[in-house]
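Please keep the sequence and the structure in view while reading.

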Amino acid sequence: MKNIVVFTGAGISAESGIKTFRGSDGLWENYRIEDVATPGAWHKDKALVLEFYNQRRLQCLNAKPNAAHKGLAQLEKKFNVTVITQNIDNLHERAGSSNVVHLHGEITKSRSTLDESLVYTINGAELKIGDTCEKGSQLRPHIVWFGEEVPMIEIACRIVSKADIFVVIGSSLLVYPAAGLIDYAPHAIPKFIIDPEIPPVNHLENLIPIEATAVAGVKILIKHLEKLRD
Ligand code: APR
């Protein structure tokens, strides 16, 4: 079976009701990154950071996977599919995708501030001041903040370099190192980009832009893939 690697960003969850970051009325229009999504923010005001992510968690728990998430899960019947996502929601998993790499962490999990190998599933929507790991230190959201390393990036680069087909859905490709992943895709393979506003990727060879939302675009992608298999 061919390897399909799908790189997703906030745009794939937009039709599930989760706001993107950089659009008009995007999340970063209403919050300052340095107040809620950096180690400095955590140092300054833990309660504010926890509350910001508690809201994101509640929104995620109330959202449902859309037809784009589900379409990608269905592809597993015919391809080896790996989803590499920048999203912290769990909509790919809830749609049935079995191979999901989270580059920027997971909103449903917490992590020890003393020992980063201690990661827990959060019960419900809230992580509070006073919630501690088994060694007694405060738990933080299991999120990669701006200014922190992206531990999964090397694994992700290796996965992309072995792709037979590469797909990008709903990312502005502005945040590195994640955005640099596209350059690890082998030159000769087809590269689909699904986005209502195709980001600047003109340097890529064998580009197939699909200027559409994720839900409409994944349907078009599936038709292309059927032709590729013939
Ligand atoms: N379907 C598909 N794509 C869409 C849709 C939709 N319905 N609506 C918007 N988009 C596209 C936008 O055109 C844009 O290209 O989704 C992209 C969203 O871009 P960003 O908001 O920048 O999100 P993303 O690229 O995932 O951000 C990367 O930045 O702050 C962070 O850590 C956060 O992982 C995130 C990273």
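The model is predicted, so local features need pLDDT of at least 70, side-chain atom pairs count only at pLDDT 80 or more, and totals for chains, interfaces and linings use all residues. Residues are numbered from 1 along each chain as its sequence is written, and side-chain values use heavy atoms, with hydrogens and water left out.

## The ligand site

The ligand is surrounded by 21 residues, of which F21, R22, W28, S172 and D195 are the closest; a residue is near a molecule if one of its heavy atoms lies within 4 Å of it. By type, the shell comprises 8 nonpolar, 9 polar and 4 charged residues. In this division Ala, Val, Leu, Ile, Met, Phe, Trp, Tyr, Cys and Pro count as nonpolar, Asp, Glu, Lys and Arg as charged, and the others, Gly among them, as polar.

Both domain 1 (1-18 + 65-104 + 150-230) and domain 2 (19-62 + 106-143) contribute at least three residues to the shell. The domain bounds come from an automatic or database domain assignment.

Which residues place a backbone or side-chain atom at a stated distance from an oxygen atom of the ligand? A backbone N or O atom of A10 lies 2.8 Å from such an oxygen, and a polar side-chain atom of H104 also lies 2.8 Å from an oxygen atom of the ligand. The ligand exposes 740 Å² when taken alone, and the protein buries 89% of that. Accessible areas come from the Shrake-Rupley method with a 1.4 Å probe, and for residues only the protein chains shown count as cover.

## Salt bridges

The whole structure holds 6 salt bridges, each being a side-chain nitrogen of Lys or Arg within 4 Å of a carboxyl oxygen of Asp or Glu. The table presents three of them.

| D35 | R32 | 3.0 Å |

Helices (H or I, at least four residues) and strands (E, at least two) are DSSP runs, numbered from the N terminus.

K135 is exposed at 51%, whereas E106 is buried at 17%. K109 is partly exposed at 23%, and D35 is partly exposed at 25%. D35 also belongs to a network of salt bridges that links R32, E34 and D35.

## Backbone features

Most residues other than glycine have a negative phi, and most peptide bonds are trans. D25, which is not a glycine, has a positive phi of about 65 degrees. D25 sits in the loop between α1 (11-14) and α2 (27-30) and is partly exposed, with a relative accessible area of 44%. N206 likewise has a positive phi, near 55 degrees. The loop that holds N206 runs between β8 and β9 (207-210), and N206 is partly exposed at 40%.

A cis peptide bond, with omega about 10 degrees, joins Y176 and P177. P177 lies in the loop between β7 (165-169) and β8 (191-194).

## Buried residues and a helix cap

L173 also lies in the loop between β7 and β8 and is buried at 11% relative accessible area. L173 and P200 are 27 residues apart in sequence, and their C-alpha atoms are 8.2 Å apart in space.

In helix α6 (residues 67-74), the buried residues include A68, H69, G71, L72 and A73. N66 caps the N-terminal end of α6, with a side-chain oxygen 2.7 Å from the backbone nitrogen of A68.

T38 lies in the loop between α3 (33-36) and α4 (39-44) and counts as buried at 13% relative accessibility. The T38 side chain reaches the backbone oxygen of E34 at 3.5 Å.

Note on methods: Polar contact = N/O pair within 3.5 Å; in protein donor to acceptor, adjacent residues only side chain to side chain. Buried < 20%, exposed > 50% of the residue type's maximum accessible area, 1.4 Å probe, protein only.
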